[in-house]
Structures are given as structure tokens and as C-alpha cells.
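Visitor: I'd like to learn how to read a sheet and a chain contact. Could you walk me through them?

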Amino acid sequence: MAGKSGRTIAHVPEKSVKKTLLCWESMLVVLFIFINIFGQGISPNYQASNVLREMPRYLAEMFLMLPMAYLLVMGEIDISVGATVCLSATVACMVCNTGVPFIVVVFTALAVGTACGLLNGIILTKFTELPPMIVTLGTQIVFRGIAEITLGSGGSVSLQHTEGFRAISGRVGGLVPYVFFVLVIFAVIFTVVLAKTTFGRSMYAIGTNRQAAYYSGVPVQKYRLIVYTVMGTMAGLCALFLTAYLYGANTTTGKPLVIKKGVFTAEEKGSRRPMSFHEPLPL
Amino acid sequence: MSEYILELKGITKIFPGVKALNNVSFQLKKGEVHALMGENGAGKSTFIKVITGVHKAEEGEMFLNGEKVDFKGPKDAQAAGIAAVYQHPTSYPDLSVAENIFMGHEIKKNGIMQWKQMNEEADKLLAQLDADFKSTAEMGTLSVAQQQMVEIAKALSTNARIIILDEPTAALTNNESEKLYRIVDKLREEEVSIIFISHRFEDMYRLATRVTVFRDSQYIGTYDVDGITNADLIKAMVGREIKDLFPKPEVQIGAELLKIEGLSRTGFYKDVTFSVHAGEIVGLTGLVGAGRTEVVESVCGITRANAGKVLLEGKEIHVKKPADAMNLGIILLPEDRQRTGLILSWGLGRNVTLPTMGKYARMGFTDDKKEREVSKDLLESVDTKAVTIFDPASSLSGGNQQKVVVAKALGQKMKVVIMDEPTKGVDVGAKAEIYQIMGDLAKQGYGIILISSEMPEILGMSDRVVVMCNGKVTGELKRGEATQEKILELAMEKSKREEEGR
Amino acid sequence: MKEKKSIIKMLTGSREASLVIVLIVLCALVSLRSPSFLSLQSIADMLMNNTIIMIMALGMLCVLLIGGIDISIASTLGFTGMTVGMLLKYHVVENTFLLFLIAIGMGTLCGALVGLAISRGKVAPIIATMGFMYIFRGLAYMVSNSEWAGADALGSFKDFAQIKVAGFSIVVWIMVFCYILFFIVMKWTKFGRTIYAVGSNREAAQISGINVANVELRVYAVMGALAGLCGALSVSIYASAQPNMQYAKEMDVIAACVIGGVSMSGGRGSVGGALLGALVLAVIAKALPLVGIDALAQNTVKGIIILAVIILNVITQRMMNKQNLERREL
């Protein structure tokens, strides 16, 4: 069946260097460099090495931004991540203090996070009428509440067996923390999956027109469940590295993360790639 | 006093980059029903918006009762007695009918809303229109036809002397349209002047005395309805002759593809049975709300049926979601292109490959180059009027959007294609092209279910007509024996019987 | 028979009615365990402790109705409250009435800023208010200058909340007044109905000549004004002003609205619903210690109850839909 009027439709994309350079992501890279230069200019204390010392904490938090970008692209949100981090950190510390091998601790942290994410996902996919904001607000209170119960009246727990955590908080050459490399690996995976796979394309389809995506055969609810669960797993990973940095957990662990979810990523909804991936690029 | 209640001269409206209206003129007599026709994108809607003050024309003059007027906004037009009922009811679904009617000109005393008075007034207006609902009903719970009635009541509540109806019958079934016709007749008796836009010739013949045709943003002419033939009118609208509106090919009908057996879903349809053969076009018709769309939605896994079987090539299938249906070779092209058919902000290419992207991908990784080639071929095969495959779907006219929706189904080997109202809101030229594609698909051995409320389309294209009424199949007619009367009778059978029984 | 049917329909049909039932059941259960719960004193305390949330729920109702969201309100509250505290501490202004005016004025200004960013700047509400959340909280810290205002610094201002009229604190009466005012405005004035119109169908509102951007601006300004009022109130109620006061309370406010049946996508919700939603939260918070739930477990239980309420609501809604469908004749 050929075109009846012989009309042809162009199908080769225009490539423009200017367009690539002027995109939002490049702007952020420029901004990042600018802030660094500016910081160094006004204060001699602002040194790359200082930034590096403080880095593990921020890098750990960036694990959350990766799946959060997926959620935002889909037009969803997870307010409970901070609480999930708190709960997995708490449980991980408790388990660690019983003296089990470190690998068990790692799996516990990831499992707790995954379970939290899975719960969000199940509620949201079984009761599709509910807005994610409200459900995750509710689960946030619950997760943090459970952490509070676990921590007891003291409200905090300190690590007694720090070997494992010390191992993962090490630095290559005494400068670049391991967490950086782990993060880069994950950032690459998340970026590639979002930009280059059918799964990533489906994220955008769901975010732009959920109905049309569903009618076109995109398994919307399955994908939502997957992303919420991965969100939880990454929160568990974040908890692990945060604990390695803080040597313990308390009721406020992950508290500021409640809403800190990559301000930049949100604006990107439905357009191109998530923003956050450019932030770990400084070195 | 001039002969015309409304006269527009030399109207030109320019949007960035395009002339939406080019030196257009128009005259409306008092108490006249005047049809405004033309293909989609001919400038009718823009013209209406100029009259109602939503857009301001760059050039040209407008006279109301012989006096020159200059509207600064919709409020001015409203004050001058011009009201418009737009294509998609612009109502507030969460508010009551009375609130909808009086939105913008509420009855107030010292800044306090007088609900009682407004409800009474609204009920009076609704009674005038023979409405079967109350002023306190929630707008969102009403049918499209009822919502339209509210919009007309709203126009009347402003004491409008000129009422503009923009495609009022597009979403209505035949007997709902009939009701609308009666309302228009009533308004005409009250000396209200009416402009209406429609793609349906029945509307024009039934109501209008004169018809004005626009084409490509230009005024083509005004004709007396009695003095113009269908063919001439189409020629005026399209600019060329369309020889055969329904190019139904002769196809050897093959084996049975899809069989629906006793399918039921509580509250929507009951005990539905019919089948589709290879190369056959089955017209599924009935009034809107008869359960046609609901049946095919269950077949395609969008909703679940409670009872009954669906068989594909003799084997029972269990479809849980649209993806399952597509894997089996059944695809639904939904009625609402904007909401469920397309992702409007996406390029055409991506839209076309959305259902099949897994096929071109390797281990989940997309192959952009191949996808571009495939989508180019598919879009060309349905003759889409587009420049590149990167054009956003929103930039196309309704007819071309529908072609893109069809192209989505062609990316993989399908067995059954279900088209839900494929020509709704599509202009004559594009309609013929869509029928052409439909015929071609049948020739290739696809089984096609065509859901439509438009009688000529059903009669013109189907090999077999299945009529539904109130959730049940009330009859099946072969191509030779189907007539408009027979279909209507079947479509309304139940409700008639009910009335007699009471 | 017909009448009876309509009562059942009314009870199950409206969100408000089913919330009233939930509320009554909750109260009954709690008072069985702890009879003191329904005493005047206990209710007065409960209302006073929840005044802030209840008042802000009104503003949030309007914001949600137009399809927006505002998560900057707790920060606005902190900023205005801290300013009031500092003005008192340094004896700049000591007149209670004037202080309230200042707080409301500042709140309105903050809200208007948010509204401008959203209506004129076309920034998505969640993003805009997230930004302002940090800005206003930052301003609160700047105003505080690492100090805080305690009871001794607040003079007669802290006594304001202790004034009692007919057994209830004047603060509660202010809240009641706000509810009556909003009830009238939302139902019987053009502004109120316009809010519903914009939320219900923005495009249609534009066509019928409503200035949507202005409505948005005004709604966010109203939200700000209420947050400002609450800033002053909370300084008076808790007799202290700290820059981090009422931290993250915006989520409670949103939760109150949503439990009260206000739709997150706009157009649906009522003043009564917001009131009931806030009351349900208040009763839960008050009841948990009374029925002997350990202080540590209270958050968990609160969260579970919130989840249960919203899920239950969906389930009843589905059951109602199913019943309606079965009744449909085919």
C-alpha cells in the first residue's frame, strides 16, 4: 500500500550543535562550574577538597534523584522517600549491631527500602483513583512512625560494628569516595534506560498521556509498580551510604529529603532527559 | 434599519505566520437559520470567535442591526445579544446546571447569589426546551446532548438574539439531533437568528435556508439551500469533485476471525453476540450510550466483561489489557483522538511506533533509525498530510490525526481492526480518504468493525450491520437489506416497547 | 419508602455525610475507652490545638479547588510568626491588634508573590511553592537572627490566646468566624463560584470572560493571608516564636483537605468537607494517647488511619458504582 498522492514525509532529524548546547542540561553544567569559580573567588576556604569531604552525603542523596526523575516524568511523586531512607537506615543499624555479616546488613537495607517502595506501588496500582501525593504522604508518616517505634525512646542508634560501613565509606586515593563510583554507574544505567529503551519511552508516554499510552498497549500499572519499587530500593541504597557517613541513624535521618527531590528534574516532566544526571559530573 | 441583523465585511484575521481569515464577508438575516460549511481548517471556528469577540480581526468591519460595532472581548458580544454554543460543551462539570446557565451573569442581591431565583429561572428555560432534567442536576452527570441543551439555555438566559451553534450535532445520535432540530425550529419561531456550523448535510437540509461556504480561509459563496445540489456544495467546500464518497470494494469474504459470544458486563451491555470474518466490514451502530464502545473496549481489554466468551479464529481468548489484544492481533482505534488515540505533543513518528516499539527494539533498547523509517513508510501509506515525522500530532487537522491513528494499527500484522467513530469531526475530503483506507484494509483480509452513528457511513461501508440498543444486540442486517429506517427501528426498539408497556 | 431510600442515598452519596459517620464512630469508640474525651474542656483543647491546621485548610481548599497546590504555607507561617515575635521582643510594636494586621499583611504579600509566580510567571504550582517554601523559611531564619522569642518576651500578646468566650478560647472563635465567612463566600458570592468555575473548567472560564490569572493570584493571596494570621495565632497559642515553627505542617493541611473530599485536580470540595477532614485528623491526634497508644506508636497509627480512610473511601465509591450499575436496566 503506497502513498496515493506520492507525498513523501521527511524522516531525518535535524542535528544542531547550537540546540544541544543551549539545552537546559548544558545550562546547569555551566551554572555548576560558575558556582565553583565564584565560590573559590569569594572565599579561600571554598576549595574543591572541602567540597569533596562533604560529598558522600550529597552523593548518597543523589541515589534518590535517579528514580525520582522517572516518577516525575510519569507525572507521579513519592513523598515518602525520606522516611524510607530513615526506616532502612534504622533497621540496617539495628541488624548490624547484632553482629551479622555485613552482606546481610546490605541486603536488609535494600530489602526494607524495596518493601516500602513496593507497598507504595501496590496501593497506588490497586487503587488507581488515589493521588500519589496523598498516598505517599500517608506512607511517609507510617514509615517514619515505624522507625520511631524501632528506635525506641532514645530516638537514635549508633553503630557498634563499623567495619563494613567503614569499608564502603572509603576513598580512592584518599579523595574520591567509593560512593561516587557507585553513583556514576547507577546514573549511567538510569540515563541510558530512560533515553534509549522502550521502558524509558513508555515513561514519557505515560507522563504525557496516560490514557493514550494504555490504549496503545503500554502496561501502565506494571511500570508504575516497578518504578515505585525501584524508588524504594534506591532509598535503601541511599540509607546504606548515609549510615556509612553518619555512623548511625536517628529519627531525623532523611528528614530534609521529604521534599528535596531534584527541583530541576520536575520541570523536565515529559520532555527530555532528567536533569539530575549532570550533577555528579563535576570532576 | 438594515435588512441584516448581522453583517461582516472584509474580515481578515492573522495569526503568527498564517492568515486564518482572508477578506471574508457574511450576512445574517433576522430570524434566519444560516449554515456555515467548509472543511476543517477552513476558518469557520476562527470566524465564529471574531463574531463573539474572542479574537479581534486585523481588518474589516462588523455591523449589528446596521450599526458598526467593535467588540473588545467576549463580554461585549454577550451584551450585544450574541451567544455561542461551542463544539465541545464548555461547561463546568462539577457545578449545577443552574450555575452553568448563569455563569458570568448571576442574579445577585447586594453581592449575594440568589440561588432560589436562579434555579427557578433555569427550570423555566429548561422547560421551554423540553429538557428532561432539573436545574439542580450536576452538569457532569448529564449526557452530551443534555449538556448542549444547557448551553442553549445559557444562550437564551442572556436574551441572545443571535445564537451560534458550532457543530452541535457532532456528538449527538440521530434522535438526539432530531430533538435539537426541534429546539432550533422553536428558536426560529421566536425570531432568534441562528448560525450553525456542521459537517452533516442532513443538518443543513433540515434546518437552514441559506448556506455560506468557506475554503482555505476564504469566502467562497452564499447559496440558497433549495437551489444547490449536494455535489455542487461538496465541490465548493473541497475545491474538487469527489466522485465516490464510499469506495466500498468488492471483497471475497473469508473465514470467521473474531466471534463474540454472549458477552455481558453489568450495567453496560448484556448477552452480545456477533462475529467478524476476514475481509468483512461489520458496522456496529445504535444510539450513543447503546453500549457499542463498551463492548469493543472489553474485547480489547480496556474493561473486563463479567460473562461470555471471545473467540479468535475459533479459539477462546482471555484479554486482560490492550497489550494482550494487540499481541493476538486485535487493535482498537479509539473514538477520542485527543484523549486516547494520540499523544498530541509527540511527533507523528513516535506516535505511530508507540504500540510496536518493542518489535524494533533489541533487548529493550530502541532502534531510532529503524523506527523513523518504519513510521515514515506507514504515514505515507495512509497518505498523511505532514512535512516531517517530527511534526507534533497536535499540528494536524482532525482527518489527518485519524490517519495517524490508523497508521498505528498497521505497524504489525493485525487480524481485526476496530474503528470507533473514525470520521467524527473529520471533513468531507479526509472522510473519503479514510473510507478508502478502510476498503484497502478489507481487501488485504483484515476483519473490520466500524462503530458509527452516521447512517450514510454505516450503509455505505458495511457488509453487515449489527444494531445495538440499550446494551443488547437488537438485530443484524445484511448489506442488501439494511436501510436507514430498518436500522433506526432496531436502534430504538426497546425504548419504544417500554413506553408502550407503561 | 421513598424517603428512607433518599436518606440512605444521602448518607452514602456524599463525602461529607460519610465523614460525619466516620467522625461519630471515632468519637463514640474513643469516649467508650475514655469518657473524659467528650468533655467541654477536652473538646476546647482539641480545637485550640488544631486551629492552625483548620484555618489553613480553608485557604488550601481554595488553592486545591483551582487545581493548584501550595506547600509554602508553613514557611509563610514561620516567617510572619517569627517577625511578630521579634517585633515584640524588641518592643517595636506591642499592640496585639496591630501585630495581627502586620502578620496578615505580610502573609498576603507572601501569598501574592507566590500567586504572581504561578499566574503570571506560569510556573507549575508545586515547583513555585517549593521554591518559596525555602525562601520564606530562610527569611524566617534571617529575621530570627539566631534568636527566639520566649514567653517572657511576648508580653500581653501571649495572653490573647488565653481569653475565653463561652468556654472556648478566642482563637477557636476566630476559626469559627473564618469558617462561617468562607462558607458564605464560597456559596453565595461571585468570587467563590468563580473559584469553582476555574477549577472545574479553566478553558470555559476563560471563554466566559473570567480573568483566570487574577483568580489564581487572589486565591494564593488569600492562602497567604490565612497563613499570616496563623503565624500570629501560633505565636500567641504556643507563647513562643521560633524560625522552624510548624515545620512541615503543610502536609497535614493538605491531608485534612483530601480526607475532607477535596479533589487534588480541582473543582471538587466544600468548606464543610475541609472542616470535617481537619476534625477527623484532630480527633485522631487527640484520641490516640487517650486510648492508651504509646506515644512512640502514634505517628504510625495516624498514618495507617489516614491511609485506611482514603482507601476505604475508594472501596465504598467502587461499591456504590457497582450497585448503581446493577440497578441499571438492560
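Visitor: How many bridges join strand β13 of chain B to strand β16 of chain B?

Guide: Strands are DSSP runs of E with at least two residues, helices are runs of H or I with at least four, and both are numbered from the N terminus. Two strands pair if DSSP finds at least two bridges between them. Here, five bridges link β13 (residues 256-265) and β16 (residues 307-312) of chain B, and the two run antiparallel. One example: B:Ser264 has B:Ala307 in β16(B) as its bridge partner.

Guide: A quick note on the source: this is a predicted model, where local features need pLDDT of at least 70, side-chain atom pairs count only at pLDDT 80 or more, and totals for chains, interfaces and linings use all residues. Residues are numbered from 1 along each chain as its sequence is written, while chains are lettered from A and ligands numbered from 1 in the order in which they are written.

Visitor: What is the strand order in the open sheet of four strands?

Guide: Read across chain B, the order is β14-β13-β16-β17, with antiparallel pairing. β14 (269-277) and β17 (315-316) of chain B are at the edges with a single partner strand each, so one side of each has no neighbour in the sheet.

Visitor: And how many residues does the contact take from chain C and from chain B?

Guide: Two residues are in contact if their C-beta atoms, placed from the backbone, lie within 7 Å. Chain C gives 19 residues and chain B gives 24 residues. On the chain C side, α10 (190-200), α11 (202-207) and α15 (298-327) each supply at least two residues. The largest share, five residues, comes from α10(C).
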